[in-house]
Amino acid sequence: MSKKSDSKTENLQSRIEDINEEDVRNWLISHPDFLSNNAGLLAPSLPSERVTGDGVIDMQSVLVNRLQKEIADLSAAQNEFIKASRANSHTQNMVHASVKAILSATSLNHFVHILTQDLPELLEIDVITLCIEDGPVSLPEMTGLQRLKEGSIERANWHGREIILRAVAPKSKAIFGPAKDLVHSDALIKLDVPSLHANAMIAFGSRESDHFQQDQGTELLTFLAITMQSCLQMWLEQKSD
């Protein structure tokens, strides 16, 4: 073989190595008849049932199967979207019912009772406690009202946020009292209640692990917590009058 021929072969090899999938895809798009005229090139990469004994490819069957798969994928995505929409609507309804219940309170004690005894059923969770650090404001001894030592709330891992969601919650008698063994997943939300002169938070507990997860949306929970803190502030102001 001559030197000229060797150089030509090397140049061709170099050009082939520079070609990538995008180049091939673009070339095929610009030459739509290539695969039809060279159908035999596809035979090795297709399932045996798509190639006849004569090596002829059943392209119609291939295209139909591809479309059927795309339709199935779209249908699955649509079902997931509908499922998520229904779950979100259900959560909104639960939160709206909870807000209505909170607003129906007729006293501070009634408010705490609704918060800790009625809302768990409305929100389909297992336990809710109102946690307030020791402070100058005297509060009644009530089920679900947990008094914490000063500084307890700030020691939690808030990471600069006002809410903590834990798929696996540590067992805490201080937060959940006698229900501590029941809780496997929890959500903690700080409450800003100036009249308390102490830190406070609302704690939601579920017996289901992963009921609360770090990456889930918190808009509705935050909205509910803001409603709680506003009502608690209102009842404390009335109590001090």
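**Cavities and their linings**

Analyst: α5 contributes 3 residues to the lining of the largest cavity, the largest share. The model is predicted, so local features need pLDDT of at least 70 and side-chain atom pairs count only at pLDDT 80 or more, while totals for chains, interfaces and linings use all residues. Residues are numbered from 1 along each chain as its sequence is written, and side-chain values use heavy atoms, with hydrogens and water left out.

Helices (H or I, at least four residues) and strands (E, at least two) are DSSP runs numbered from the N terminus. A cavity is a set of points, on a 1 Å grid over the protein atoms alone, where a 1.4 Å probe fits but cannot get out; its lining residues have an atom within 4 Å of a point. Points are joined across faces, edges and corners, and the volume is the space filled by probe spheres set on them.

There are 2 cavities of 30 Å³ or more in the structure. The largest has a volume of about 50 Å³. Its lining consists of L108, N109, V112, L130, I132, L139, P140, M142, L145 and L232. Two elements, α5 (108-123) and β1 (127-133), each supply at least two of the lining residues. By class, the lining of the largest cavity has 9 nonpolar residues, 1 polar and no charged. Here Ala, Val, Leu, Ile, Met, Phe, Trp, Tyr, Cys and Pro count as nonpolar, Asp, Glu, Lys and Arg as charged, and the others, Gly among them, as polar.

The second largest cavity holds about 30 Å³ of space. L139, P140, E141, M142, L145 and R147 line the second largest cavity. Its lining divides into 4 nonpolar, no polar and 2 charged residues.

Two backbone details concern loops. H159, not a glycine, has a positive phi of about 55 degrees. H159 sits in the loop between β2 (145-148) and β3 (163-166). With a relative accessible area of 70%, H159 is exposed (over 50%; buried means under 20% and partly exposed in between, with a 1.4 Å probe and protein chains only). D210 also has a positive phi, near 70 degrees, in a residue other than glycine. D210 lies in the loop between β5 (200-206) and α7 (219-240), and is partly exposed at 42% relative accessible area.

Technical notes:
1 Å grid on protein atoms, 1.4 Å probe; cavity = no way out; pocket = protein on both sides within 12 Å on 5 of 7 lines; lining within 4 Å.
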